[in-house]
Amino acid sequence: MEQRKHWWNGKWGRLARRDVFLRVDADRWHVEQRAGGAEGISRFYEYGSADEAEETVRALLDGTDTWRELSPRPPGGWTTSG
């Protein structure tokens with residue numbers, strides 16, 4: 001499964017932090033809505049198209065939080081050129 005995008009609401013702490021992930025696996029698109037950080041509680045959604053998954057992401061990011069898009073780790077990890 002490849003992570004395509006990750007959004008974070010910019011808040012720290014188990015009670016305030018929320019994350020939304022967009023992932024793809026072959027022809028299936030997955031959205032994860034997580035509350036409470038890495039050890040929090042997640043809800044998962046699965047779709048047959050990117051458009052359907054992105055519609056859910058837009059709905060989840062709607063509201064008063066200031067969402068920030070974070071860069072996903074590229075396959076194979078980060079490399080430095082030097």
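Arg-34 is buried at 17% relative accessibility, and its salt-bridge partner in this predicted model is Glu-32, with the closest N and O atoms 3.1 Å apart. Glu-32 is likewise buried, its relative accessible area being 5%. The structure contains seven salt bridges, and a search of the whole structure returns one aromatic pair.

**Salt bridges**
- Arg-18 pairs with Asp-65 in a salt bridge whose closest N and O atoms are 3.8 Å apart.
- This pair connects distant parts of the chain, 47 residues apart: Arg-18 belongs to strand β2 (residues 18–25), and Asp-65 to the loop between α1 and β5 (68–70).
- Arg-18 is partly exposed at 30% relative accessibility, whereas Asp-65 is buried at 18%.
- Glu-46 and Arg-28 form a salt bridge with an N to O distance of 2.9 Å.
- Because Glu-46 is in strand β4 (residues 41–47) and Arg-28 in strand β3 (residues 28–35), their pairing ties together parts 18 residues apart in sequence.
- Glu-46 is partly exposed at 47% relative accessibility, as is Arg-28 at 32%.

**Aromatic rings and charges**
- Trp-8 and Trp-12 make an edge-to-face pair, with 5.0 Å between centres and 70° between the planes.
- Trp-8 is buried at 8% relative accessible area, while Trp-12 is exposed at 68%.
- Arg-17 lies over the face of Trp-12, 6.0 Å from the ring centre.
- The charged end of Arg-23 is placed over the ring of Phe-21, at 4.5 Å from its centre.

**Helix α1**
- Thr-56, in helix α1 (residues 50–61), is buried at 14% relative accessibility.
- Beyond its neighbours within four places in sequence, Thr-56 contacts Val-31, Tyr-45 and Tyr-47.

Note on methods: Residues numbered from 1 in each chain as written. Predicted model: local features only at pLDDT ≥ 70, side-chain atom pairs only at ≥ 80, totals over all residues. Heavy atoms only, no water. Phe/Tyr/Trp six-rings, centres within 6.5 Å; stacked < 30°, edge-to-face > 60°. Buried < 20%, exposed > 50% of the residue type's maximum accessible area, 1.4 Å probe, protein only. Lys NZ or Arg CZ within 6 Å of the ring centre and 35° of its normal. Helix = DSSP H or I, 4+ residues; strand = E, 2+ residues; numbered from the N terminus. Contact = heavy atoms within 4.5 Å. Salt bridge = Lys/Arg side-chain N within 4 Å of Asp/Glu carboxyl O.
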